[in-house]
Amino acid sequence: MNTYNINKGIGRTVEFKGLKAQYLFLFAGGLLGILILVMVLYMAGVNSYVCLFIGIGGSSFIIWQTFSLNQKYGEHGLMKIGARKRHPRYIICRKPVYRYFKLKSRNL
């Protein structure tokens with residue numbers, strides 16, 4: 001029986017076969033989703049060869065995409081992509097320029 005080391009130290013991220021952190025959960029969730037989809041299709045009466053093709057094709061796509069994202073973006077890559085999507089590209093300022101140079105008087 002094979003034994004696999006999942007965590008290699010205290011304070012380090014979870015790693016399994018090269019997949020790190022959130023990619024491991026994305027990988028497991030994707031495969032679980034494909035399994036449930038194939039089971040539902042088979043119970044609905046879809047041809048077993050179609051179910052087999054969807055299962056093998058979908059799982060190979062999930063595996064390929066997860067490992068490619070892991071290699072391209074690294075450990076914290078998905079969080080960086082999410083942060084970039086929420087960050088505005090530019091700031092729109094519709095006030096006239098002279099309003100920024102106008103001195104504000106304080107009433108005490």
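Among contacts in the protein chain between residues at least 6 apart in sequence, what percentage join residues at least 24 apart? The figure is 58%, with contact meaning heavy atoms within 4.5 Å.

This is a predicted model, in which local features need pLDDT of at least 70, side-chain atom pairs count only at pLDDT 80 or more, and totals for chains, interfaces and linings use all residues. Residues are numbered from 1 along each chain as its sequence is written, and side-chain values use heavy atoms, with hydrogens and water left out.

Start with the whole chain, coloured by secondary structure. The order along the sequence is β-β-α-α-α-α; helices (H or I, at least four residues) and strands (E, at least two) are DSSP runs, numbered from the N terminus. Of the 108 residues, 16% are buried, that is, under 20% relative accessible area (1.4 Å probe, protein chains only).

Next, select Leu19, Tyr23, Leu24, Phe27 and Leu69, the largest nonpolar core. Such a core is a set of buried Ala, Val, Leu, Ile, Met, Phe, Trp, Tyr and Cys residues joined through side-chain atoms within 4.5 Å. Helix H1 (residues 22–43) gives the most to this core, three residues. Centre on Phe27: leaving aside residues up to four places away in sequence, Phe27 touches Leu19, Ile62, Ile63, Thr66 and Phe67.

Move to helix H2, residues 48–73. H2 spans 37 Å from first C-alpha to last, close to the 38 Å expected (1.5 Å times one less than its number of residues). Its buried residues are Cys51, Gly55, Gly58, Ser59, Thr66, Leu69 and Asn70; their cover includes strand S2 (19–20) and H1.

Technical notes:
Buried means under 20% relative accessible area, exposed over 50%, partly exposed in between (1.4 Å probe, protein chains only).
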